Every structure is written in C-alpha cells, then in structure tokens.
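Let us walk through this structure step by step. Keep the sequence and the 3D view side by side.

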Amino acid sequence: MAGYGPNGGVQGVSNAATPFCQAEVITAKTATGTFTTAPLTTEVLTAVIAGGGMGGIGDMGGGGGAGGVLVTPSTPVSGGTPYPATIGGGGAATTQPGPAGTAPTTQNNGTNSSITFGPVTLTAIGGGAAGTGPPTSPAAPGAPGGSGGGGGYSSSAQGTGGCGTACQGYDGGDALFPGLAMGGGGGAGAVGTDGTGAPPNSVGGPGGAGRDLTPFFGCAPQPFYIANGPNAGASAGGIFAGGGGGSAEQPNCAAGCGGTGGGGNGSQSPGNTGAGAGDGVANTGGAGGGVQLSDPGGTGKAGGSGIVLIKEAALSGVTAPGMWPQKAQYENKVAGTWT
C-alpha cells in the first residue's frame, strides 16, 4: 500500500506542484436557464434584477415601478457546476376598454427573478404596476413591488404611490390632486417623484433613478450592460431598474421622463395618443411609462424584463507539491489509476 509522500501529501501517485490560472468572467443571464461556474470558482458576486411593472393607462396613468435589484457580494459555489436561474418578465401592458372615464381594472406587476446556488436562493421582487386612470377603476394607487408604482388619476382623491421592497427598490410618487399630473414610478436607486405644479401647468413625476452597478461589474462600456432604448432613461452606462415617468393631461402640462436604467417616459395629452411614452427597456428591469389616453382601444406601456449578472473573480497560484484535490482522487479511483 502506498504511504505518505516525501512532501507530506496524501497517498497516491506522485503529484508535482503545478501552476493554475482562471481569468475573471462576468456572465449576463437574459433568459431563464442554467448558469455553470468555471472549474476553479468557489464563490460568486451576483446582481439579480426583476422585471419592471407596467405603466398606467386611462385618462391619466402613473409610471410603473422598477424591478427590484438584489446585489449579493459573495455566495459559496462549486466549480464546474450548473445552477438554475429564472429571469422575470415585465408587467404586460393593458388596453383601455372604453372611452374617457373607463380604465382597466387590473394591474400587472413585473415578475421575480432568481438564481439558486445549492441551498441558497437569491430573489429580486417584480416591480409594482402603476396606478391606472379614472374613477371607474379601483386601481388608482400604484401597486407595491420591488419598487412601487406611481399613483394614477382619481377624481376624488390623490392616487398614492406604491411601496418598494427594502434593500431592493424605492416607493412610487403620488399623483397631484386636484391636478392633472401623475406620480413617477420608484426606481432601484431613488424614489419616484410626485406630480407637481398647478393646472394647466402641472408636471408628471419623473421615474426614480435606477441602481448603478459599475462599482461591482466595472465601468461602461461593457458588453453585458444593456443598450439604451427609445423613449426611456439611459441604461448603457451600467444602470439598471429605472422607474417609469408619470403622464400629464393638459396641453401645457409636461409628462415625466423615465428614470435612468431603462424606465419608460410618460406621455402628455396633445392628441391623446400616448405618443412619446416608452416601454421599460428589455433586460434592465425598467418600468413602463404612464400613458394619457381618452379613446378606447389604446394600449399602455409594458415593463422591461429582468436580468441576472454573475461575476467570477480571477484566480491564480501554484498547487502544493504532493497534494491532490479531492475531486482528482475520486476521479482516479473510479478510473482505476489511483494506487
């Protein structure tokens, strides 16, 4: 039977000291599936971003709330191992069912994103849907979520913003009452702004800013950051999960801009078409912008889907002479080459 080697190693065939090296790698999961660690990885840094909430619709809709952002600096993993990831979808846009004075009775939050490392599951909460338009709808307040949706129109009271989730996002803004400007949705980095001003010069609340992830994943540009989208807050700089802008009704009013990080812009009333409003940008967790519409059949704006970013640090060194990794021992015994 073989004994301990001259260098104090485990019993078995000679194993000379060898260098090892593994480059840093950052993976962006933009669709549900499996993430597999590199062979030498023992821990990962992750950012899990959920889908953003829908923008409000009706005579006046608030901005949607951004998807929650959960950053976890270190989670233990095994090298060369597959782990399941789920990417949350954005809240679906709704359609106005009738003329002025009607609005959808449903609110569509974004859905959660998650990744599971053995016994540990990291979950970001989907963004809250915006408050929808006038009093026939029971949904004037913004919904709670990762970040809260902005308040929508109410003829008799202020439509309040929804609450965000601690450590993931912020509250949505309130609608202006008695006014004609809706609240911006909360972002992962800041609260949504209330509607402000006095008619006919009211201003819809801008969406809350998203969270800057460049301190964790490096300065822009990076291939895993998301390109800017139309009618939405910038995302290419490594910012994720911006809130949607609130809408405004009168011609002299101004709609709120979407928050940086892919939040969609709100719209204002000229033509009552919703022109200028934006969806949340896909794979940013940005929320949909609020839409001002008076005609039936008009469609609101959807939230953007989420994403999971995983960072595996660079590793280098030299194995100790005479020492065998446990995995190598097992594989050699199975193959019949261990003595």
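**Loops and a sheet**

With a relative accessible area of 15%, N283 is buried, because buried means under 20%. This value, like the others here, comes from a predicted model. N283 sits in the loop between strand 10 and strand 11. Its backbone deserves a look. The phi of N283 is positive, about 65°, although N283 is not a glycine.

Is A241 buried or exposed? A241 has 0% relative accessibility, so A241 counts as buried. Its phi is near 65°. That is a positive value in a residue other than glycine.

Now step back along the chain. P221 lies in the loop between helix 1, residues 214-217, and strand 10, residues 239-240. What kind of peptide bond joins A220 and P221? The bond is cis, with omega about 0°.

Next comes the sheet. In general, the strands of a sheet pair through backbone hydrogen bonds, and the pairing is either parallel or antiparallel.

Strand 4 covers residues 43-49, and strand 11 covers residues 307-312. The two pair in the antiparallel sense over 5 bridges. L45 shows how they line up: L45 stands opposite K311 in strand 11.

T46 is a residue of strand 4. T46 counts as buried because its relative accessibility is 0%. What does T46 touch, leaving aside residues up to four places away in sequence? Its contacts are L70, V71, T72, F117, L122, F217, L309 and I310.

P76 is exposed, with a relative accessible area of 65%, because exposed means over 50%. P76 touches T42, E43 and F117, again not counting residues up to four places away in sequence. F117 is also among the contacts of T46. P76 and T41 are 35 residues apart in sequence. In space, their C-alpha atoms are 8.9 Å apart.

Methods
Residues are numbered from 1 along each chain as its sequence is written. This is a predicted model: local features need pLDDT of at least 70, side-chain atom pairs count only at pLDDT 80 or more; totals for chains, interfaces and linings use all residues. Side-chain values use heavy atoms; hydrogens and water are left out. Two strands pair if DSSP finds at least two bridges between them. Helices (H or I, at least four residues) and strands (E, at least two) are DSSP runs, numbered from the N terminus. Buried means under 20% relative accessible area, exposed over 50%, partly exposed in between (1.4 Å probe, protein chains only). Contact means heavy atoms within 4.5 Å.
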